[in-house]
Amino acid sequence: MALIQFSPLTLKTFKRFRSVKRGYWSAIIIISLILLSLVAEVFVNSRALMVSYEGEWYFPTYGAIIPGDVFGLDYQYETNYRDLKQKFNDEDSDNWVLLPPVPYNAFETDLTVGNYPPNAPSFETQHYLGTDTVGRDIVARLVYGFRIAIFFSLFLLICNYVVGTAIGCLMGYWGGAFDLLFQRLIEIWSNIPFLYVIMIIASIIVPNFWSLVIVMLMFSWMSMTWYMRTATYKEKEREYVMASRALGAGTARIIFHHIIPNTVSIIITFIPFSVAGGITALTSLDFLGFGLPPPTPSWGELLRQGIDNLQSPWIVSSIVMSMVLVLTMVTFIGEAIREAYDPKKHTIYE
Amino acid sequence: MTAYFIRRFLLIIPTFLGITILVFTVTRMVPGGPIERMLTEAQLASGDQVSFQSNNQGIAGSTLSESQLNQLKEYYGFDKPILESYGIWLKNILLLDLGYSTRYGEPVWESIKQRLPISIYYGVMTMLLTYMVCIPLGILKAIKHKTHIDNISSILVFIGYAIPGYVMGIIVITIFAFYLEWFPLSGFTSNNFDELSFIGKVKDILWHSVLPLIAYMSGAFAVMTFLMKNSLMDNLAADYVRTAMAKGMEFKTAVVKHAFRNSIIPIATNFGENITLFLAGSFLIEKIFNIDGFGLLGYESLVERDYPVVMGILVIGSLLSLIGNILSDICVALVDPRVRFGA
C-alpha cells in the first residue's frame with residue numbers, strides 16, 4: 001500500500017522520464033553521489049573506521065576525538081591513525097586499524113621531508129589523485145568540496161523557489177500596481193552586475209555558508225519569479241480558477257490548491273538547471289577568491305590552483321573532470337525532465 | 001506599435017536611474033574606497049607605521065593631515081551627501097563626461113575606449129561563428145533527428161553547455177596551449193606585433209583568438225543549436241509543409257523554401273540579446289586568457305576600488321543591455337509581421 005497515491009498523469013510523466021536513458025541514469029548516479037557524500041567521512045577521512053586495541057573495539061569516525069594515549073601513544077591530542085596502523089604493523093601485534101579507502105581529510109597537509117607539494121598521484125602514499133600545492137589530498141578536497149557545493153546549491157534553490165513562487169504568484173494573481181512595481185524592481189535588480197556586488201560585499205564581511213546563500217539569493221530570485229508570474233497569469237484566466245472563486249475560495253486557497261499544483265511542472269523542470277547554476281556560481285566565486293574562506297574545501301579554489309600550476313596536471317585534470325561529469329549529468333537530468341513533461345512528437349518525413 | 005516602442009524606450013529612464021542610484025550608493029557606503037586605499041599606500045610608503053594597524057586606528061593615525069584629507073575628499077566628491085554627489089555625477093553623465101579614473105588619473109572614457117576594440121572583436125567574432133556553426137548544425141540535427149549524428153552531437157553540445165565558459169577556457173588552455181603548444185597561452189597579440197606585416201598581424205590575432213573564442217562560444221552554442229533544431233522541427237511538422245510535400249515538392253525544397261524561412265525567426269530574436277555580449281563578454285574568460293577587454297577592466301577597477309571606472313562601465317553596459325532588449329523585440333516585429341506588441 002503506497003503512502004502517497006500518484007495520479008496516473010504523474011506516473012506517465014515518470015515513465016517518460018525513465019525512458020530517456022541518459023537522464024535517468026544520470027539521476028540515479030547524482031542522487032547516489034549526494035547521499036554518499038552525506039557519509040563521506042566513512043570513505044575519505046583521516047580517522048580510522050575501526051581500531052581493535054587490547055581486545056577492545058573503537059569506532060572513531062563519528063563522535064569525540066580519541067586522544068593518542070588511549071592507544072598507548074605518548075600524546076594527548078587526536079590519534080594519528082595512519083601512524084598507529086604503521087606502529088601496529090611494525091609491532092606485529094594482534095591490534096589492528098581499519099582505515100577508510102582514502103585515509104586523509106580535507107584539511108591536513110601531508111608533508112614529508114625533502115618532498116615539496118604538489119605531489120603526483122601515487123598508490124603508495126594513497127594520494128590517488130595526488131596532493132595540492134600545500135600538500136592536501138585532492139580526493140578529499142574534491143569529495144568535501146562536492147558536498148559543500150551541492151548542498152549550497154540545493155539550499156539556494158529552495159530559498160529561490162520559495163521566494164520566487166511567492167512573489168511570482170502574487171504578481172500574476174493580483175496584477176495591477178503590485179505587478180508593475182515588481183516588474184520595474186526586477187528589471188533594475190537583474191541589470192545590476194551581481195558579481196560586482198558580491199565582490200564588494202565579500203570584501204567587507206568574510207562570507208560563511210549561510211551568509212553566502214542569502215547574498216546569492218538576493219541576486220537570483222528574479223528568474224523563478226518571472227516564470228511563475230507568467231504561469232500564474234495564464235492559469236488565472238482558466239475556468240477552473242473562476243469556478244473555484246465562484247464557489248467561494250479565497251486567494252490563498254486558489255494559489256496553493258489550484259494554481260501551484262498546476263504550475264509544478266515549470267518548477268520541477270528548472271530544478272536541474274538551478275542546481276547546475278548554483279554549483280557554477282559558487283565555483284566562480286571561490287575561483288576568484290570571493291567565496292567561502294579558506295581552508296574550506298572548494299572546487300573553485302582547486303580550479304584556481306590547477307590553472308596556476310599547469311605543470312602539475314593532476315590538479316587541473318581531476319577538478320575539471322569532476323566538474324564536467326557532475327555538471328553534464330545534472331544537465332542530462334534537466335533534459336530528461338523537460339522531455340518527460342513536454343514530449344515533443346514531431347512529424348518526420350521519410 | 002510605434003507607441004509601444006516609444007513607451008518601452010521611455011521606461012529605460014527610470015530603470016537606468018534605479019540601477020545607477022543603487023550601485024552608486026553601494027560604492028559610497030562600502031568602506032575601503034579610493035581614499036582609504038590611498039592612505040594605506042601613503043602609510044606603506046612612509047613606512048613609519050605597520051600597515052595593518054591603520055584600519056583600527058582609522059584616519060586619526062594616518063600620515064595625512066586633516067586638511068589634506070579634506071582636500072582629497074573634496075577632489076573625489078566624497079564631502080557631499082550621497083544624493084547630491086549622485087546628482088553631480090548624473091549631470092556629468094548627461095554631458096557625456098564619465099569622470100577620471102582614481103587609479104590612473106586618466107579620463108574613464110579613455111580607459112574604456114582602449115578596451116572597446118578588443119571586446120567588440122571578440123563579441124562580433126563569437127556571434128558570427130556561433131551563427132555560422134549553429135544554423136547549419138541545427139538544420140542537420142533536425143533533418144537527421146534521432147540518428148547517430150543527432151545523438152552524438154547532442155551529447156557534445158550538452159557537455160559544452162553544462163560547463164561554464166571559463167572552465168572550458170581552462171580545458172583548452174591546458175590541452176592546446178600548455179601541452180600541445182599549438183596556441184599561445186594568453187594575450188591578444190604577440191610581443192613583436194608591431195613588426196609584422198598586415199597579413200602577419202591578421203594571422204597573429206586569429207592565432208591568439210582561437211582558444212578564447214572556443215571558450216566564449218561553448219555556452220551560447222547549445223542554446224542556438226537547439227533553438228534552430230526545435231524551431232525547424234516545429235515548422236516541418238506544420239500543415240503548410242505537409243501540404244507542400246503532398247503536392248509533390250521535394251523534401252529538400254520544402255525545407256529550404258518553406259520551413260527554413262520561418263524557423264529562422266527565433267534565431268533573429270536572439271540577435272538583440274547578443275549585443276550585450278559584445279561588451280560584457282565574460283571577465284572570467286578574459287582573466288584566464290589575459291585579454292585586456294571590457295570585462296577585465298571592470299573586474300580590475302572593482303578590485304582596485306576605482307569607482308568612476310566601475311560606474312562608467314555600468315552606465316555603458318546597462319544602457320546597451322536595456323536597448324538590446326528592445327532591439328530584439330523590434331527584430332521580432334520586423335521579421336514576423338504576425339507579432340503585435342502592446343496589445
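A: Start with a nonpolar surface patch of about 660 Å² on chain A. Its members are A:Ile31, A:Leu35, A:Leu36, A:Leu38, A:Val39, A:Phe43 and A:Tyr62. Keep in mind that this is a predicted model. Helix α2 of chain A, residues 21-38, gives the largest share of the patch, with four residues. A:Leu36 sits in that helix.

Next, a salt bridge in chain A. Side chains of opposite charge can pair when their charged atoms come close. Here the partners are A:Arg147 and A:Glu41, with 2.9 Å from N to O. A:Glu41 belongs to helix α3 (residues 40-43) and A:Arg147 to helix α5 (residues 138-174) of chain A, so this pair ties together parts that lie 106 residues apart in sequence. Over all chains, the structure holds 17 salt bridges.

Now the contact between the chains. How many salt bridges does the rule find across the interface of chain A and chain B? The count there is zero. Polar contacts do occur: three residue pairs cross the interface of chain A and chain B, with both residues at pLDDT 80 or more. On the chain A side, α6 (176-191), α7 (194-204), α11 (251-288), α12 (299-308) and α13 (313-341) each supply at least two residues that touch chain B. The most comes from α13(A), with 10 residues. By class, this side of chain A has 25 nonpolar, 10 polar and five charged residues.

What about extent? The size of an interface is often given as the accessible area lost when the parts come together. For chain A and chain B, the buried area is about 4100 Å². Carbon and sulfur atoms give 78% of that area. In residue terms, 40 residues of chain A are in contact with 51 residues of chain B.

Two backbone details remain. Most residues other than glycine have a negative phi, and most peptide bonds are trans. A cis peptide bond joins A:Pro294 and A:Pro295, with omega about 5°. A:Pro295 falls in the loop between α11 and α12 of chain A. In chain B, B:Glu181 has a positive phi, near 55°, and is a residue other than glycine. B:Glu181 is placed in the loop between α8 (165-179) and α9 (198-236) of chain B.

Note on methods
Residues numbered from 1 in each chain as written. Chains lettered and ligands numbered in written order. Predicted model: local features only at pLDDT ≥ 70, side-chain atom pairs only at ≥ 80, totals over all residues. Heavy atoms only, no water. Contact = heavy atoms within 4.5 Å. Buried area = accessible area lost by both parts, 1.4 Å probe. Salt bridge = Lys/Arg side-chain N within 4 Å of Asp/Glu carboxyl O. Polar contact = N/O pair within 3.5 Å; in protein donor to acceptor, adjacent residues only side chain to side chain. Nonpolar A, V, L, I, M, F, W, Y, C, P; charged D, E, K, R; others polar. Patch = residues over 30% accessible without salt bridge, like charges linked within 9 Å, V, L, I, M, F, W, Y side chains within 5 Å. Areas by Shrake-Rupley, 256 points an atom, 1.4 Å probe, with all protein chains shown as cover.
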